[in-house]
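Here is a short briefing to read with the model open beside you. It begins with charged pairs and then turns to a pair of helices.

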Amino acid sequence: MDVLEIIQISKKKDSAILYGNQYRLHRANKQNICSWLCIKERSSNCRGTLKSKDGKVLHVPSHVCIPDAAATEVAKKLCMIKKCFREEEQSVSRIYLQEMGPLFNRGYDYVENIPTLPAVRAQLYRVRRKEQGTAVEPKSSQDIEIMDDDVIMEDDSSFLLADDDSGSRILVFDSTKGRGILKTGQNFFMDGTFKSCCMRFYQLYTIHADLSKNVEEDTTTVPIISLCLLEKIVKYIQNFLQF
């Protein structure tokens, strides 16, 4: 019986590796049987899954995607770098070169998957500050980091609908149910607030939907979309909606 290799991609979430494929944990039942989904489920529409119990593989169906040994090895090294950086006081460059150095000589497939040191430096320092309890507030909206663990819902969908930082950053939050209501609803209420918005943004703009089924019922409104906006984007939306 095959044994899974488990790596910790964050302090809250594990990832499994088997035969060059990488999986994310989908759910675990009361019998401690875990269901895992291929991490390329969305990018490659791969339905590859596996089931395990106590780290031992129970069932592995076929994959649509091709195993990427290089990407998997780089992911393992990144997890090791984060672990070392949390636990040791060595410099980020020393730990990075110590772990990633051997992969640079293993071919182009590995090199193209290896993130540069500047690309991971800030993230690693955030990991260390968080471990030491010295995390600092982001200085701008661009510095705000949203981890996957923080926005994954019970149905494995992401609460973060969009994160556009091509210009002034805009964050859009919406649930799967909220998206359905947006398509089928008839009455909507929209407004922006300022005091309840993160200070790195200008305005929190929220769209509410009326869930009452007829005009005789009391109006039942719930928020379905929230947007964190900067000033110039707010002005654009206000002009577009003719506010």
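This is a predicted model: local features need pLDDT of at least 70, side-chain atom pairs count only at pLDDT 80 or more; totals for chains, interfaces and linings use all residues.

Residues are numbered from 1 along each chain as its sequence is written, and side-chain values use heavy atoms, with hydrogens and water left out.

- Lysine 76 and glutamate 5 form a salt bridge, 3.1 Å from N to O.
- Lysine 76 sits in helix H1 and glutamate 5 in strand E1 (residues 5-10), so this pair ties together parts 71 residues apart in sequence (helices, H or I of at least four residues, and strands, E of at least two, are DSSP runs numbered from the N terminus).
- Glutamate 73 also meets lysine 76 in a salt bridge, at 3.5 Å from N to O.
- About one helical turn separates glutamate 73 from lysine 76 in helix H1.

**Between two helices**

- Lysine 77 pairs with glutamate 99 in a salt bridge, their closest N and O atoms 3.7 Å apart.
- That pair links lysine 77 in helix H1 to glutamate 99 in helix H2, 22 residues apart.
- Lysine 77 and glutamate 99 are both buried (under 20% relative accessible area, with a 1.4 Å probe and protein chains only).

**Whole chain**

- The chain has seven helices and 11 strands.
- Of its 243 residues, 35% are buried.

Notes. Buried means under 20% relative accessible area, exposed over 50%, partly exposed in between (1.4 Å probe, protein chains only). A salt bridge is a side-chain nitrogen of Lys or Arg within 4 Å of a carboxyl oxygen of Asp or Glu.
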